[in-house]
Amino acid sequence: MPERLTEMLMDTWTPLIILWITVLPSIYTAPMNQSQVLPSGSSTGLKRLTEEQRVLNRSKRGWVWNQMFVLEEFSGPEPILVGRLHTDLDPGSSKIKYILSGDGAGTIFVINDKTGDIHAMKRLDREEKAEYTLTAQAVDRDTNKPLEPPSEFIIKVQDINDNAPEFVDGPYHATVPEMSVVGTFVTKVTATDADDPVYGNSAKLVYSILEGQPYFSIEPHTAIIKTALPNMDREAKEEYFVVIQAKDMGGHMGGLSGTTTVTITLTDVNDNPPKFAQSLYHFSVMEDVPLGEPIGRVKANDLDIGENAKSSYDIIEGDGMDVFEITTDAQTQDGIIRVRKPLDFETKKSYTLKVEAANVHIDPRFISGGPFKDTATVKIVVEDADEPPVFSSPTYLLEVHENAAINSVIGQVTAHDPDVSSSPIRFSIDRHTDLERQFNINAEDGKITLATPLDRETNMWHNITIVATETRNHSQVSRVPVAIKVLDVNDNAPEFASEHEAFLCENGKPGQVIQIVSAVDKDDPKNGHYFLYSLLPEMVNNPNFTIKKNEDNTLSILAKHSGFSRQKQEVYLLPIIISDSGNPPMSSTSTLTIRVCGCSSDGIVQSCNVEAYVLPIGLSMGALIAILACIILLLVIVVLFVTLRRHKNEPLIIKDDEDVRENIIRYDDEGGGEEDTEAFDIATLQNPDGINGFLPRKDIKPDLQFMPR
């Protein structure tokens, strides 16, 4: 049976299986005693040539083959015959031996060394190895010497359809916008077939949809998936599960197939308007709610998602458009209603608003579907709350003259309870703002009085805080700032701006301006300062000086004559009366000191002392300093000379009467009193060195002497 199958296969694949190959002619001179193989067209075309032919003709290669074929996946009880090798040198005897080497030789492929038949010993798979390169050679059986050079040939494994298509990248996920038109591209899938794409239709694939119709379609050869139905709505169905099949053999019967899944998700487009969950909303809020505080939320639902579901809210109508505002919560897409202005239950107890929600991003393709907005009504009820007192003004400005009497009323603040119950109010001053307790307030009517005297020149402004408290509820407290301005009265006399001392040159001229003085006044009149200057009545007829008022509110001091002399009078005192223009006017007397000085010809002051006047004319300051230095030098020389003279006349020997040192000798004997004259020698105590007749000298250095113990 196997032999019969082999014969059938060989008959079928006769053009492909080469049993032997015509010898390729090659021109070369053959060695002596070497035979030639001639093409005979049969397996027995071997001829022996004569010696002459051997010499004249080149021998041809005896056998050459190219390739053989074997079917893959063939299995049976016997090895399959792949082909037969034969050489023209084989006379039919058993002296020729065929040898096979190369890929799989001896394991996969085995050759009959006598007949040259090649058998496949194992089941072959083209997808594992498509071809094998082998080498065949004919040798002498006895000597193993090659009769022909070795020749290569190839055994190709012929493909059969034994591999199904596979989707290597599956399963797939794809998206397509909702409401797309028919034929919109979705995605493309790809299947691979391990069979030979060249031989037959084993790798020719055709694609089809097993599940997913009628929503999607696929191109049979390109595997492009497209939409098959128009206006698929994501809000109705968002995800589709599609099964794709790839079948080889061109899709014909008997072909192998593989499948994959494609999950197709519809992406959102803005094809739905926002819609309020209810048409009427009710909220209540306390009248004392802080500004910006949320009082309620409204929600317009949108079936779309993401950016397409974003909405903006606005108040388009109502009696509280300026009292309330609405903003969008970016996380929840809610409309948050907030208080924009203070509420007052006593003034208005309810508000009605009309709010609108509109999509932020509108798709122009669906704008014809209607307005992408919706409206709702919001009713807000204001509830009464216990509110603190309310002052009649947010701030107060009071004025008081600095000479106001103690306990006089400066001003008044008023406040009331805005609640319906209208609790009485008590007023007080925050003493942290009035540490010196300069003001008081009437707790009942809010009148502010003066407690201590004021001085504008010390403190022009006083800022205090008034506290209003409900008597029925002490936690309800309000505060208001009060600024008190102290008004000026003319209570300060003018005076010189600074201590002036004028200098008058001896060589000055009559009418010459000696000094310009100015005055200051601590008061602050409304129309500015205007000063009047005058001399004392007894100085009006002063023969030396006069005064002149300038336009800039200053005063010029002028000399009436020339010839002032420091010898006659060095200093002049000129009392001046300064008056202001207040009501009543205030005045003071200031004295100007005028000193007579010696000046250069240019009017530059050089000296203002009387002693400087008696110095010889023509001596400069440098000359005076030089003379003084010479006098001091002469005095130093005289002192040194006297000192040296005294030192030269002084004796060199120290006499007993000149030694006034007190020498103390300590001993432990008890003295005998005044009458004990033999206890010690006073001369020895006064001069211990005198015992040996030695007197110290002052002009030489004494030698070291050691006294016996």
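**Salt bridges, aromatic pairs and disulfides in a predicted model**

The structure contains 19 salt bridges, a salt bridge being a side-chain nitrogen of Lys or Arg within 4 Å of a carboxyl oxygen of Asp or Glu. The model is predicted, so local features need pLDDT of at least 70 and side-chain atom pairs count only at pLDDT 80 or more, while totals for chains, interfaces and linings use all residues. Residues are numbered from 1 along each chain as its sequence is written, and side-chain values use heavy atoms, with hydrogens and water left out.

The protein has four helices and 41 strands; helices (H or I, at least four residues) and strands (E, at least two) are DSSP runs, numbered from the N terminus. Of the 709 residues, 35% count as buried, where buried means under 20% relative accessible area, exposed over 50%, and partly exposed in between (1.4 Å probe, protein chains only). The protein exposes about 43,200 Å², of which carbon and sulfur atoms supply 54%; accessible areas come from the Shrake-Rupley method with a 1.4 Å probe, and for residues only the protein chains shown count as cover. Among contacts (heavy atoms within 4.5 Å) between residues at least 6 apart in sequence, 67% join residues at least 24 apart.

One of the salt bridges pairs D329 with R297, whose closest N and O atoms are 3.1 Å apart. D329 lies in the loop between β19 (324–328) and β20 (334–339) and R297 in strand β17 (residues 294–301), so the pair ties together parts that are 32 residues apart in sequence. D329 is buried at 16% relative accessibility, whereas R297 is partly exposed at 42%.

A salt bridge also forms between D430 and R479, with the closest N and O atoms 3.0 Å apart. Because D430 belongs to the loop between β27 (425–429) and β28 (439–441) and R479 to strand β31 (residues 477–487), this pair ties together parts 49 residues apart in sequence. The relative accessible area of D430 is 17%, which counts as buried; R479, at 54%, is exposed.

In the salt bridge between R595 and E570, the closest N and O atoms are 3.5 Å apart. R595 is located in strand β40 (residues 587–599) and E570 in the loop between β38 (555–559) and β39 (571–579), so parts 25 residues apart in sequence are tied together. R595 is partly exposed, with a relative accessible area of 23%, and E570 is partly exposed, with a relative accessible area of 23%. Salt bridges that share partners join R297, K299, D329 and D334 into one network.

The whole structure holds 12 aromatic pairs. Rings of Phe, Tyr and Trp (its six-membered ring) pair if their centres lie within 6.5 Å, and planes under 30 degrees apart count as stacked, over 60 as edge-to-face and the rest as tilted. F545 and Y572 form an edge-to-face pair, at 5.4 Å centre to centre and 75° between the planes. F545 lies in strand β37 (residues 545–549) and Y572 in strand β39, so the pair ties together parts 27 residues apart in sequence. F545 is buried at 3% relative accessible area, and Y572 counts as buried at 11%. One aromatic cluster is formed by F276, Y281, F283 and Y313.

Charges also sit over rings, a placement that requires NZ of Lys or CZ of Arg within 6 Å of the ring centre and within 35 degrees of the ring normal. The charged end of K129 sits over the ring of Y132, 5.4 Å from its centre, and K348 lies over the face of Y351, 5.2 Å from the ring centre.

Two disulfides (pairs of cysteine sulfur atoms within 2.5 Å) are found in the whole structure. C505 is joined to C599 at an S to S distance of 2.0 Å. The torsion about this S-S bond is about -85°, so the disulfide between C505 and C599 is left-handed. C505 lies in strand β33 (residues 501–505) and C599 in strand β40, 94 residues apart. Both C505 and C599 are buried.

The disulfide between C597 and C608 has an S to S distance of 1.7 Å. Its torsion is about 100°, so the disulfide between C597 and C608 is right-handed. C597 is in strand β40 and C608 in the loop between β41 (605–607) and α3 (621–649), 11 residues apart. C597 is buried at 0% relative accessible area, and C608 is buried at 13%. With bonded cysteines counted along the chain, the disulfides follow the pattern 1-3, 2-4.
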